[in-house]
Structure formats: C-alpha cells, structure tokens
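Here is a short report on the structure shown below. Please keep the sequence and the model in view while reading.

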Number of protein chains: 2
Amino acid sequence: MKLSDRKKKILQIVVDEYISNAQPVSSKSITQNYMRDVSSATVRSELAALEEMGYLSQLHTSSGRVPSIEAYKLYVSELMDKGKLTGKELTQIKTAFARQSGNMEEVVKNAAKVISELTDYTSIAVAAHDEDDVIEKISIFPFKEDTALLLIVTDRALIRDKFISIPTDMTEEQLESANRLVNRTFAGKRLGEAMAASLEAEEQFESYRTIFDRVIDAITDYVNDKSGGVVMAGEDKILNHPEYAEADKVKNFLSVVTSRDRIADMLTEDNDIEISIKIGGEDKNLPDDCSLVTATYSAGNVKLGTYGVIGPLRMDYQKVVSVLEGVGKILEDMVNKK
Amino acid sequence: MKLSDRKKKILQIVVDEYISNAQPVSSKSITQNYMRDVSSATVRSELAALEEMGYLSQLHTSSGRVPSIEAYKLYVSELMDKGKLTGKELTQIKTAFARQSGNMEEVVKNAAKVISELTDYTSIAVAAHDEDDVIEKISIFPFKEDTALLLIVTDRALIRDKFISIPTDMTEEQLESANRLVNRTFAGKRLGEAMAASLEAEEQFESYRTIFDRVIDAITDYVNDKSGGVVMAGEDKILNHPEYAEADKVKNFLSVVTSRDRIADMLTEDNDIEISIKIGGEDKNLPDDCSLVTATYSAGNVKLGTYGVIGPLRMDYQKVVSVLEGVGKILEDMVNKK
DNA sequence: AGTTGGCACTTAGAAGGCAAGAGTGCTGAC
DNA sequence: GTCAGCACTCTTGCCTTCTAAGTGCCAACT
C-alpha cells in the first residue's frame with residue numbers, strides 16, 4: 001500500500017520527534033508544533049492508519065505513538081532530511097586529524113574518537129586490511145637464541161610484529177640470507193598470493209623451510225584476524241541515552257560491543273557500500289534494539305577502513321550520516337594531499 | 001584503639017559476608033552462621049562498638065552493617081585469608097598463555113582477558129615501557145615521496161610505527177646511509193639516553209639533521225605516551241555486580257575506565273610494588289566507590305608490565321589477589337623458560 | 001564485668017486505593 | 001474528508017497501611 005504525502009509527513013514528524021525526545025508522540029503535539037492546519041482528530045486517524053500498516057505502535061492504549069523498525073527503515077531511506085555539519089563541527093574533525101603523525105593506528109583511533117564525540121554514540125572502526133594488501137618488506141631479526149621478530153610491512157602501512165621460533169643451529173649469516181630470500185619471494189606480492197605461495201617456492205628454501213613456513217603462518221594469521229584492528233571510542237556514550245537507563249540493557253549492549261569478533265564481523269561484512277545503515281535485526285550480530293551506521297572510506301582504489309556508529313534504534317541518523325560523511329571527506333582530502 | 005580478637009573476627013565476618021552477598025550483615029546472621037557460641041545481642045554490642053570506631057555503618061537505623069572504607073583497608077592488610085586457585089583455574093591461565101606466539105601485545109591482551117574472566121571484574125593492563133628500554137634496532141624505510149616509516153625495536157620487543165616526513169630531495173642512498181648512522185648512534189642506548197643524545201651527536205649528522213630529529217621526536221613521544229599500551233578486558237563485567245544496577249553509576253565507572261590516560265596514570269604510578277591495593281579515594285584517579293588491585297610483573301630485573309583489576313569497593317580481594325599472583329607466576333615461568 | 005532474653009522502636013518496602021493527567025477512539029455534524 | 005466533543009483506558013504520583021527485618025537498650029543472670 002502506498003503512503004499518501006500527508007502520511008509520510010506525519011511519519012517523518014513522529015520519527016524526528018521521537019528521535020529527539022525519546023517520548024511517544026501524541027496527535028496533539030504534532031498539530032501544535034508542526035501541522036497547525038489540521039486538527040488533532042485528523043492526525044489521530046492518520047496515526048491509526050499508520051499503526052495499522054505497521055509503522056507505528058503504542059505502549060498502551062492511551063499513550064502516544066512510537067516508530068516501529070519498519071518506520072526507521074523507511075525514514076532513513078526516504079523520509080530523512082539531509083543533515084549538514086556546522087563549521088565548528090568541521091573544524092573539530094580537522095583538528096582531530098591534524099595532530100596525528102600518519103601512523104595508521106592513530107588515524108583510526110582519532111577518527112573513532114571524533115566520531116564518537118560529535119555524534120554522542122559509541123563508535124567503532126577497523127582499518128581495512130585484507131588479502132589484497134601488498135607486501136612491501138619483510139624483516140626478520142634475531143631477538144633471543146631461538147626467537148626472531150618478524151615484521152611485515154604492507155602498502156597500507158600496517159605492521160605486524162610476531163615472534164617466530166627459529167632453529168637454534170642457525171647462524172646470523174644464515175638468518176640474514178633467509179631474510180633476503182623471504183623478501184625476494186614475498187615483496188610485491190599480495191597477502192593472498194603470499195599465503196598460497198608455499199608450495200611453488202618450496203624447493204628454493206630447502207634449508208630455510210622453517211622460516212618460510214613461519215612467515216606464511218604469520219601472514220595467514222594476520223589475514224584471518226579481522227578483529228585485531230578494531231578500535232572503539234565512547235563506549236560509555238550509550239548511557240547518555242534514556243533507552244539504556246536499565247543496567248541489564250546496558251549489559252546486553254556492552255557485551256556485544258566488547259566482543260571484537262562480532263564488531264569486526266559487522267564492519268567487514270559489506271564494505272563495498274559507502275554508507276550502510278542497519279536497523280534492528282538486519283545483521284545477525286546486531287542486537288534487536290540497536291542500529292549500526294557504517295561508512296567505508298577509500299582513497300582512490302585503496303580502501304582505508306570502515307568506521308561506524310552503534311547505538312539505539314532511536315538514533316539520530318541524520319546527524320550520524322553527516323558526521324560520517326564529513327569525516328570521510330576530510331580523511332580523503334588528507335590522504336590525497338600527502 | 002586496639003581491636004580485640006573477637007572484634008577482628010566479627011569485622012572479618014562482616015566484610016566476607018558483605019563481599020559475597022552485597023547485603024548489609026545482621027547480628028543474627030553472624031551468630032547463626034559463624035558464631036553459635038554467643039548471642040546476637042552480644043554481637044550487636046560489638047557491632048555498635050565497631051561502628052563507633054568507624055569500621056562499619058548502617059544505611060538506616062534498622063538495617064544491618066556495611067563495611068566502611070577503613071574496614072576494607074584493615075581487611076586487606078590484616079584480616080583477609082589467603083586465597084588459593086583451583087587446579088582448574090590454573091589450567092585456564094596456562095592455556096590462555098599457551099596459544100600466543102610471543103608478541104608482547106598479545107601477551108598483555110591474553111593476560112587481561114584471563115584475569116577478567118577469572119575474577120569477573122574489569123581488568124586493565126599496560127606493558128611496561130619506559131626510559132630504560134634499550135634500543136635494539138631502528139629501521140627507516142621510504143614509503144611515499146616525502147614520507148618514511150620509522151620502526152624502533154627495543155629489548156622489550158615493543159615496536160612503534162610512526163611516519164616521519166623526510167626532505168623531498170633525499171635519495172634512497174642518502175636515506176640508507178642515514179639509516180645506518182641512526183642505528184650506529186642509537187642502538188644499544190636506553191631510550192632516555194637517546195632522547196638526550198641530540199646535542200652531542202649533532203655535528204656528525206649535518207646533512208641528516210631532519211631525520212635525526214624525527215627519530216628523537218618519535219622516541220620522546222613514545223616515552224611520554226604511557227597510555228598507548230593500555231589494554232582492557234571485561235569492561236562489561238562491572239554490570240554483574242549489584243552496586244552498579246543504576247545506569248548513572250555505570251556511567252561514572254565507564255567514564256573512568258575508558259579514559260586511557262587515567263588508567264595509564266594509575267598503572268604506572270608505583271610500579272615497584274608487587275601487589276598494590278588501592279581502595280576508594282586512595283588514588284586521585286580512582287572514583288570513591290572503586291578499588292584497584294594491581295600487580296607488577298618482572299622477569300629478572302626487567303619489568304614486564306602492570307596488570308590490575310578495577311571494581312567496586314566490595315571486591316573479592318582474596319580471589320583477585322590470588323588470580324593476579326597466579327598469573328604472575330605462570331607469566332614469569334613462561335618468560336624464564338624462553 | 002560480660003552476656004543474654006525480651007521488648008520497644010525505627011525504617012524500608014510492598015500492596016492497595018484514589019485522583020489527576022495524557023492520550024486515544026469513536027460518533028455525529030458540517 | 002474534517003473536526004469538536006465525549007467516553008474510555010492506562011500511567012503516574014501520592015497517600016495510607018501493613019509487614020518484616022533489624023537495632024538499641026534494659027534488667028536479669030552468671
């Protein structure tokens with residue numbers, strides 16, 4: 001069934017009002033503040049119709065209306081006005097990034113922090129890293145008798161430090177040449193290729209098999225460990241919102257948010273979409289009473305990472321989307337200028 | 001005033017009971033469960049005396065007694081029995097560490113996780129890193145035209161990746177030789193020395209001054225940034241405890257816990273003490289209604305890090321201390337065996 | 001002098017009743 | 001299709017009452 005323009009307008013008002021006040025919206029408040037041209041009785045019948053269609057519900061017969069999940073979905077896809085950041089907010093984003101030195105982890109942290117501050121929700125972020133990262137350099141250097149430190153640098157400037165055990169009878173010189181061989185083999189390869197490279201190159205490394213295998217192990221671990229680079233900020237922000245006034249709701253929320261695996265899963269799921277909004281049960285990892293708005297940033301063809309905000313259904317989507325867009329713009333400017 | 005043995009016993013019972021039940025303790029429950037040899041009236045008069053001395057308080061005239069901060073202090077210093085881990089708990093700690101590869105960050109994360117799981121409180125940890133870390137190797141390698149990636153490896157196996165900007169007119173060969181020079185100067189030096197080294201060595205580096213300065217900057221940043229290595233686990237555990245049933249208390253707690261600077265401050269404050277217990281306002285960063293138990297681990301002379309548990313005053317100190325001791329023991333075994 | 005049973009007293013918390021207020025649904029008139 | 005008016009429903013706050021838990025104190029006992 002198609003919604004009339006007036007129904008759409010009323011639904012938008014209800015969602016807007018509910019988002020900003022967290023209170024059921026009554027027919028009276030709609031006519032008083034937004035639609036003086038009709039009476040509350042008229043609005044009431046429209047509200048009843050919208051409820052019939054599944055967009056609204058009441059907590060009890062004599063309460064105002066509350067948007068349903070369906071209403072939020074419609075709201076973000078059709079009804080919502082486009083938000084705009086104030087100059088002050090833009091400056092805040094810029095200064096957040098100005099401080100940092102270019103360390104990728106720091107960029108992600110700063111982004112998460114500023115997003116959380118501007119939106120007043122918990123923000124989560126993960127730097128992109130996957131099989132397409134290209135290996136630039138590998139260093140192995142001896143640390144203790146039978147241990148060496150392995151560093152892998154990729155084009156996204158992410159570095160992993162792993163300790164690997166090395167045969168005790170290996171001399172420094174042998175290690176050095178293993179190092180060179182490993183670099184020769186892997187440098188320039190994508191991580192995915194490197195993982196598969198083991199068999200082909202095997203013969204060349206007769207005496208350095210162990211080292212070679214450890215490198216592959218480390219790369220494999222890295223590719224598989226999506227949750228490693230997850231960063232969060234404003235974990236306590238959720239408590240600023242009245243739907244989380246009860247401790248057990250908070251608990252539920254926090255237990256999801258603190259599980260990095262679940263977060264990583266959600267953030268890496270469909271990261272080809274620029275801005276994605278998931279409401280309620282739209283993601284298996286997302287609790288029914290939460291929404292997740294994510295943005296994936298790229299510079300040219302290179303994905304930089306996915307950033308997002310997790311919060312109540314009654315989220316200020318308009319604000320969140322504009323903050324994420326603002327951050328994306330500034331982030332991309334920054335990367336391109338470099 | 002000196003406490004009689006019976007008063008001590010009663011105080012211990014009250015604290016133990018309150019820790020396990022979170023309910024004010026009545027004279028009746030004391031006589032029924034712990035002291036059948038005296039009547040409740042007798043215990044009542046003892047309780048009144050303990051209250052007079054400031055160890056106990058009541059929420060209202062007809063409620064049982066609740067320990068004061070003073071009582072907790074006395075409890076941990078004199079009254080508390082020594083806890084002992086079960087075999088199962090020990091195994092759990094061991095397996096938590098067995099998985100990991102030796103990456104220092106991972107060790108810290110695993111430790112934080114297992115501590116939180118075993119104690120059911122939020123745990124915090126920071127890998128030790130300070131001016132005494134010895135630089136093992138520095139690598140600078142070009143990343144984009146005017147940017148290079150700087151890696152500093154110290155004896156604690158902590159690695160920092162920082163981007164530094166380099167003069168655009170520098171050739172790869174020049175960078176390579178700057179790299180060698182930097183290594184020659186800094187390798188083997190403590191970070192503190194390295195920071196101060198700038199003036200002495202200046203002349204040698206006429207043409208590589210910029211690089212040299214950047215390295216010093218990076219080292220200085222690293223030494224000053226205590227909060228960088230803070231790790232947390234079980235942030236949601238706090239909600240398992242009834243004193244945090246109200247959302248605003250949770251908020252207060254979380255806002256402290258999520259501030260890495262404050263956490264880092266507390267953890268690095270007096271890290272020469274093996275096990276330290278701070279109750280209520282005993283640390284300026286600690287909320288009045290929280291306690292912090294920390295342990296600093298070392299292998300030989302080298303500090304490995306400080307691990308701790310933050311939770312309500314009504315914390316199971318006995319359990320927490322034994323878990324921290326257990327983790328310490330296993331951690332030290334592990335490091336020594338290597 | 002310390003211990004104890006007995007008893008009056010205090011308080012929190014649960015349960016019930018009542019009135020006010022907010023909001024709806026419906027109806028009949030325009 | 002719109003709307004004023006009215007009956008109806010439900011929540012919320014407030015008051016009262018009642019009960020249970022626990023204490024403090026006192027007089028009697030060892």
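A:Lys2 is found in the segment before α1 (5–21) of chain A. Helices here are DSSP runs of H or I with at least four residues, strands are runs of E with at least two, and both are numbered from the N terminus. Is A:Lys2 buried or exposed? A:Lys2 counts as exposed because its relative accessibility is 67%. Buried means under 20% relative accessible area, exposed means over 50%, and partly exposed is in between, with a 1.4 Å probe and protein chains only. A:Lys2 and A:Val293 are 291 residues apart along the chain, and their C-alpha atoms are separated by 27 Å.

## About the model

This is a predicted model, in which local features need pLDDT of at least 70 and side-chain atom pairs count only at pLDDT 80 or more, while totals for chains, interfaces and linings use all residues. Residues are numbered from 1 along each chain as its sequence is written, chains are lettered from A and ligands numbered from 1 in the order in which they are written, and side-chain values use heavy atoms, with hydrogens and water left out.

## The surface near DNA strand D

There are 20 residues around DNA strand D, and those that come nearest are A:Arg6, A:Ser39, A:Thr42, A:Thr61 and B:Ser27. A residue is near a strand if one of its heavy atoms lies within 4 Å of it. The residues of this surface divide into three nonpolar, 12 polar and five charged. In this scheme Ala, Val, Leu, Ile, Met, Phe, Trp, Tyr, Cys and Pro are nonpolar, Asp, Glu, Lys and Arg are charged, and the others, Gly among them, are polar. Helix α3 (residues 40–52) of chain A gives the most to the surface, with three residues.

Which parts of DNA strand D are within 4 Å of the protein? Of the atoms of DNA strand D within that distance, 76% belong to sugar or phosphate and the rest to bases. An N or O atom in the side chain of B:Ser27 is 2.7 Å from a phosphate oxygen of DNA strand D. A polar side-chain atom of B:Arg44 lies 3.1 Å from a base nitrogen of DNA strand D.

## A helix in chain B

Helix α7 (residues 172–186) of chain B has 15 residues. From its first C-alpha to its last it reaches 21 Å, close to the 21 Å expected at 1.5 Å a residue. The expected span is 1.5 Å times one less than the number of residues. Among the buried residues of α7(B) are B:Leu175, B:Leu181, B:Val182 and B:Phe186. B:Gly188 follows α7(B) and has a positive phi, near 90 degrees.

## A sheet in chain A

Five strands of chain A form an open sheet in the order β7-β3-β10-β9-β8, with antiparallel pairing. Its edge strands are β7 (230–233) and β8 (275–279), each of which pairs on one side only. Two strands pair if DSSP finds at least two bridges between them. Strand β3 (residues 122–127) of chain A is joined to β7(A) by four bridges, and A:Ile124 has A:Met232 in β7(A) as its bridge partner.

## Two residues with positive phi

Most residues other than glycine have a negative phi. A:Ala22, in the loop between α1 and α2 (27–33) of chain A, has a positive phi near 60 degrees. A:Ala22 counts as buried, at 19% relative accessibility.

B:Asp120 has a positive phi near 65 degrees. B:Asp120 lies in the loop between α6 (104–119) and β3 (122–127) of chain B and is partly exposed, with a relative accessible area of 26%.

Technical notes
Polar contact = N/O pair within 3.5 Å; in protein donor to acceptor, adjacent residues only side chain to side chain.
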